[in-house]
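This report describes a structure shown below, with attention to the contact between chains and to some local features.

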2 protein chains.
Amino acid sequence: MRVVDAGVAEPVEHPDLIDRRIGPGTANSAQGPAMTEEQLAQALEAGAALGTDGDADAVLYGEMGIGNTSAAALVAHKITGISLADLTGRGTGLDDQGVAHKTRVLSRASDRTATPLPPMQALREYGGFEIAMMAGAMQAAARAGRLVLVDGFIAGAAALAVLEDAPELRGAMVFCHGSAEQGHAAMMAHLKVAPLLELGLRLGEGTGALLAWPLVRSAAAMLNEMASFEDAGVSGKL
Amino acid sequence: MRVVDAGVAEPVEHPDLIDRRIGPGTANSAQGPAMTEEQLAQALEAGAALGTDGDADAVLYGEMGIGNTSAAALVAHKITGISLADLTGRGTGLDDQGVAHKTRVLSRASDRTATPLPPMQALREYGGFEIAMMAGAMQAAARAGRLVLVDGFIAGAAALAVLEDAPELRGAMVFCHGSAEQGHAAMMAHLKVAPLLELGLRLGEGTGALLAWPLVRSAAAMLNEMASFEDAGVSGKL
């Protein structure tokens with residue numbers, strides 16, 4: 001496991017932390033674009049380098065970010081046109097009133113620009129650095145022939161941006177779990193995807209992808225190593 | 001993994017095969033009880049010994065048996081009263097005509113006795129030796145405080161027999177996957193259970209239980225080892 005700082009507000013020093021900071025958080029997307037063109041390009045490139053680094057056959061991306069269900073909802077809204085009411089959820093635990101407030105704030109942010117937007121523009125206007133970096137990593141990893149295990153709502157927004165631009169990469173992605181975060185189901189329906197697991201998680205941090213990893217390994221083993229009824233002569237006459 | 005011969009038609013010699021043969025297959029349950037009282041007791045006892053053997057914390061039971069979706073459908077029908085039409089499926093690959101024929105044969109077998117029957121009588125009248133032995137193993141393992149991972153349709157019929165008699169053992173059982181075999185969904189609905197996995201398998205041999213095993217281990221690790229937001233001070237003020 002590797003932990004990347006894509007741009008938390010306060011820099012953290014730790015020997016195992018990979019510093020790919022684009023800045024101390026994005027700009028406020030309710031007032032203007034979250035990122036400059038240059039920052040987006042930098043995040044996508046840093047992601048692409050991470051996504052093709054080493055010799056892994058499969059990659060799993062998780063995230064931790066404050067407020068990133070908001071960014072993910074806006075990115076998904078701008079890419080798919082699904083309503084913000086359907087995409088805005090409780091995040092780490094808002095009550096009904098909190099969700100209503102969040103939806104109003106996101107609607108104001110959304111009103112700044114047209115809907116839909118091209119996926120890369122949606123990322124620039126509303127993404128977090130971690131979402132853009134995951135999108136860059138997923139795209140590059142998938143193009144490099146790696147299997148991309150997609151976690152829940154936030155990683156799903158990154159995958160959505162990638163697939164809207166490059167639908168041919170769909171086969172490289174496994175959607176691992178259906179998040180309890182409102183909006184993930186709508187996102188999955190848009191992609192015509194049934195996630196492997198439905199466990200009511202709203203965790204992030206790649207937990208859903210990790211839980212699905214043994215299933216993916218089992219599927220690969222079944223395809224590569226399991227005898228068929230024919231191989232094993234099970235259906236032959238006694 | 002241990003493989004038990006509960007009573008296949010032709011005895012097999014293999015150093016790793018555990019011989020608990022009750023007989024060379026059961027009697028034809030369309031004509032009379034599948035087992036004698038003595039055979040049922042013998043199967044349950046052999047199962048109980050296997051289910052409490054060694055020092056495992058968790059046990060997973062799978063099965064291989066020719067025609068055992070028929071036996072499982074009859075057992076489930078007699079225990080729950082769910083119609084045979086809802087419980088009879090394609091098994092290893094019957095077409096619609098085959099399923100219709102199977103349903104007619106099972107209905108004749110069912111007509112021999114009242115519906116519902118007490119679970120142990122249902123096992124005796126219609127069970128296979130492997131179903132009765134699994135029921136004995138599950139019951140004893142659960143009573144011994146072991147976690148019982150329940151596979152698909154056939155193992156589900158065994159679990160149904162156990163829980164109808166001893167509903168207090170419900171908490172010891174994890175229902176691992178929703179089988180594609182027609183009738184499993186009805187069985188799970190009767191138990192008010194949502195299986196962990198829905199992957200469209202119709203495999204048996206414990207495959208669905210094995211696929212769920214990493215999830216169960218992850219759940220145990222989460223309960224025992226994971227820091228909560230509170231422990232980690234995540235929600236504290238900056």
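Buried means under 20% relative accessible area, exposed over 50%, and partly exposed in between, with a 1.4 Å probe and protein chains only. At 10% relative accessibility, B:His77 therefore counts as buried. B:His77 is found in helix α2 (residues 68–80) of chain B; helices (H or I, at least four residues) are DSSP runs numbered from the N terminus. Leaving aside neighbours within four places in sequence, B:His77 is in contact (heavy atoms within 4.5 Å) with B:Ile82, B:Ser83, B:Leu84, B:Leu87, B:Ser110 and B:Thr115.

The model is predicted: local features need pLDDT of at least 70 and side-chain atom pairs count only at pLDDT 80 or more, while totals for chains, interfaces and linings use all residues. Residues are numbered from 1 along each chain as its sequence is written, chains are lettered from A and ligands numbered from 1 in the order in which they are written, and side-chain values use heavy atoms, with hydrogens and water left out.

**Contact between the chains**

Nine residues from chain B and nine residues from chain A form the contact. Between them the two chains bury about 930 Å², 88% of it on carbon and sulfur atoms; buried area is the accessible area (1.4 Å probe) that two parts lose on being put together, summed over both. Of the area that chain B buries against chain A, B:Leu199, B:Leu211 and B:Leu215 supply 36%, more than any other three residues. Helix α9 (residues 207–225) of chain B gives the largest share of the side that touches chain A, four residues. That side divides into seven nonpolar, two polar and no charged residues, where Ala, Val, Leu, Ile, Met, Phe, Trp, Tyr, Cys and Pro count as nonpolar, Asp, Glu, Lys and Arg as charged, and the others, Gly among them, as polar.

A rotation of 180° with 0.0 Å of shift along its axis superposes chain B on chain A (RMSD 0.0 Å), by least squares on the C-alpha atoms of residues with pLDDT of at least 70 in both. That is the relation of a two-fold axis. The copies meet through the same surface, because 100% of the interface residues of chain B are also interface residues in chain A.

**Backbone features**

| Item | Value | Place |

A:Lys192 has phi near 55°, a positive value in a residue other than glycine, and is exposed, with a relative accessible area of 75%.

Technical notes:
Helices (H or I, at least four residues) and strands (E, at least two) are DSSP runs, numbered from the N terminus.
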